[in-house]
Amino acid sequence: QTLHDLLKKAPLAYAAEIKELNQQHESLFSKWMLQLHLGFNIVLYGLGSKRDLLEKFRTSVLQDSVHLVVNGYFPSITVRSVLNSITEEVLDHIGTFRSPLDQLEFIIKRFKEDSSLELYILIHNLDSQMLRGERSQQILAQLCSLPSIYLIASIDHINAPLMWDQAKLSLYNWLWYETTTFSPYVEETSYENSLLVQQSGSLALSSITHVLRSLTLNARGIFRLLAQYQLENKDNPSYPGLSFQDFYQQCREAFLVNSDLTLRAQLTEFRDHKLIRTKRGADGVEYLLIPVDDSTLTDFLEKEDEDV
Amino acid sequence: GCFVFKPSPKKRRVSQKTANPFGEGDSEDSELRFLTCQSLWNEIKLATEQVQEDLNKQLFDSLVSFLRRSHSEFQEKTTEWTRRMKSREIPTAALVLGVNVTDHDLTFRNLSEILQNNITPYIAFLEAKDCPGIKNLMQKLMGQLMNCSVDVDSQEDEDYVQVSQSRIRCSMTSLVNWYESVTKKTDSETPRKKRTSSSRHWQSPPVVVVFKDMESFTTKVLQDFIVISSQHLHELPLVLIFGIATSPMIIHSLLPHSVSSLLCIELFQSLSSKEHLSTVIDKLLLTDQFPFKLGEKVLQVLINIFLYHDFSVQNFIKGFQLCIVEHFYSQPLSILCCQLVDAKKRVNSLSHNQCENIRRLPSFRRYVENQESEKQVALLTTDSYLKETTQKLLEDLRVYHENYVSVLRCLHVFTSSLPKYPLGKQIRELHCACLEHQVWETDEYESSLQLARMLNKSDLVTMLQQCVEIFVSSSRKEFDKTVEKLKEFLTQFQKLEGEAFQEQDVSVSSQKELQKKTDLYHLQKTLLELKESRRSKKLTKFEMLRFEVVGYIDSLVRNYLVPADHKTLHEIMYFNTASVLREHLNAAPRIALHTALNNPYWYLKVRTKRVGGGA
């Protein structure tokens, strides 16, 4: 939260230039309308969020016509919900369909019968997780090939064009527009789980050292042994962890513990601090793992070496 | 995540319709421009569709005859034995359509029309995306067939209810029942219906099932369907048509032997998309019917996209459409891009701003600079004089086009027969070369002329005849002279023939002499003499003439094939911003991201340069 506040205060670099760039894009609005009416669909690509641009397009040009906004970055969106909102709210049809294909057929029929129906669809992030599937793209493509449905979509994924084959491309009838805005992906990323956030939930380097400082020398040695062993095997993807017996043997050899019981007690303490995890292998043996990524572990070992 | 926004009903329509489609600008007559653009596009669209229909005609004719034949065979099999033997073979037409999936839709649409009119009212088109399982396939098939018959026979509501009922339980038996009932109905009911369905079709019309995209069907579905339908073939005359994008081998790799032996396959080849494109270019670009032309770079981009990416004529036409829209949108003088009569009228009613626009054209500036000083002043200041000259220039441009096309075809006749095709095999390559720069300055042109000087007579004569035909068909009075000249050449050639005989006689007699003398010394001597004479031999009349003809053609080329850029006011007719086209049709999002992340200043360059300089 504090981070957010700080970021908000930080001035955006080159704000003036970016604004100018956006104005350039906005001057294309009338052209887009023309091309949409001529049967093309428009796709926007480029760096930066295109959301504000599309919003602006919506408020300035589409104010007085029926339009549908689809937030593709929304994690629970499906084609079905798109189709549902068309049938229920645009066409005022109540009733369910057995499959999306049936629903699509119904929509196509309605739009063909009634030429006065027009619908603008704006899709933010056409290439998002939920919409990028083969079937959903097929359905959307067929929907957008109707002459009275106009589509403006934005894509962000670098491999987004890979999801369309020739048949779909011809259905979509794209016109590409490069709209590099450099504006931050605020809405789009709010649903993304990033590694940064995840790590604060799990262990960070500072917390490990903090816990270990409060332990005895032997306990630190035990942890160190386990960490070293794990790092040696980090390139082996099938490495299950160190089995308890082996670990006991090694600890005995290093004169860290003198009995099975002390080691177990020590490990329980580690487990309470979530420093290690135990996993039962296929053969019923307990394997010990440190649930921290390797770079953090190496950092930790280096720091320990310095201390000693 | 979906939000529907509906406008308040009172505001609707009012501002929508009055808003100008081209948006801005009163001076640029956007209304008129939009209308011109629309009408032009509609014309072109009609023309292309016509072209495509004509091209497919041959294919469809053979297909129709195949269907007739296979079906009548089916009916002829009256004897019990042959029926039992052959009744499990389904006649199948495999249509090899080429990889341009985008064009297939149009082909199938034409096909359905033709089949409807000629063969049978019962056609079903199946697409792979609708039929993931055999159940869906049957459902789809039944629905389509029944709707088909309802459409064609124009039956009443009660039938429609029946249809929707039977849609729930779709099996082959119900299909067969339906078919029997339909045929019976048409056989035994009112005479009107009988007439419609049995005069146009036969007693029991075949049921045609078209698989649009054979490749994307799952094998299991296809196999099941074929096996099932072959069981019922004696009750339900079924004909399958496969649309194949790759090669007929796919049938054998998709279907195991046991299934493919149930089919009686005949192969049909559709026109290759390259030929298709060349006819489209021929009809679209190399005529004077449409005032709108493509510049060299744009044409190059379109052809490149075609040849290197998709082979799809549909996309080519789409690109062409984009060119038209872009041209009329961006170029304020494009209102003059119409037929000459209209253009003259429009020139007269140009506003002052538009006149300024004309003056600003680079090609017009060049023109002005070559004029005398009084004229320059008049052109630059008085609008009325400017309008007069503009009209004249437009007329010139028009004449240039007509001449250009026929001379281009003529040159193509020459170059396309040369070995190794130095100027390209297709007329589009020649067209590009001519548009790009002055064609007679290129090395390719030089080499092709040299090759042409070595042509033998019969080729030359046929070529000249072809040229004469071209010029006659172009029917401009300017070419009367050229036609006469060419005809003169032809008659001269005919005269030459007599002389050639004499010459041959001479050579034959000399050879006879040669054979007589067996003495080694004499032989050597005569041989030497012969060689000498050959070397020093003056050019025969034929060769002289040949040089003359080639020279004449050369002069024609120099006169008429000046690239369009050198013409005044070419901006009105020619669209030449290839970059627009490339970035809208063939975009590269990866590169955009790459530049934006690596070098953001490229996008922000406008002011950062100044800032960077200061800091």
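Biologist: In this predicted model, how do helix H18 (residues 373–381) of chain B and helix H19 (residues 383–415) of chain B cross?

Modeller: Their axes come within 6 Å and cross at roughly 100 degrees.

Biologist: What makes H18(B) roughly perpendicular to H19(B)?

Modeller: The angle. Roughly perpendicular covers 65 to 115 degrees. The crossing is at roughly 100 degrees, so H18(B) counts as roughly perpendicular to H19(B).

Biologist: Which residues of H18(B) and H19(B) meet?

Modeller: From H18(B), B:Lys375, B:Ala378, B:Leu379 and B:Thr381. They meet B:Asp383, B:Tyr385, B:Leu386 and B:Thr389 in H19(B). By class, this contact has four nonpolar, two polar and two charged residues.

Biologist: Why is B:Cys37 called buried?

Modeller: Buried means under 20% relative accessible area. B:Cys37 has 3% relative accessibility, so B:Cys37 counts as buried. B:Cys432 is buried too, with a relative accessible area of 5%.

Biologist: How many disulfides are found over all chains?

Modeller: Zero, in a search of the whole structure. The test asks for a pair of cysteine sulfur atoms within 2.5 Å.

Biologist: Why is A:Glu26 called partly exposed?

Modeller: A:Glu26 has 21% relative accessibility, so A:Glu26 counts as partly exposed. A:Glu26 sits in helix H2 (residues 15–26) of chain A. Leaving aside neighbours within four places in sequence, A:Glu26 is in contact with A:Leu53 and A:Lys56.

Terms used: Residues numbered from 1 in each chain as written. Chains lettered and ligands numbered in written order. Predicted model: local features only at pLDDT ≥ 70, side-chain atom pairs only at ≥ 80, totals over all residues. Heavy atoms only, no water. Buried < 20%, exposed > 50% of the residue type's maximum accessible area, 1.4 Å probe, protein only. Axes fitted to C-alpha atoms, helices over the stretch in contact; angles between N-to-C directions. Helix = DSSP H or I, 4+ residues; strand = E, 2+ residues; numbered from the N terminus. Parallel < 35°, antiparallel > 145°, perpendicular 65-115°, else oblique. Contact = heavy atoms within 4.5 Å. Nonpolar A, V, L, I, M, F, W, Y, C, P; charged D, E, K, R; others polar.
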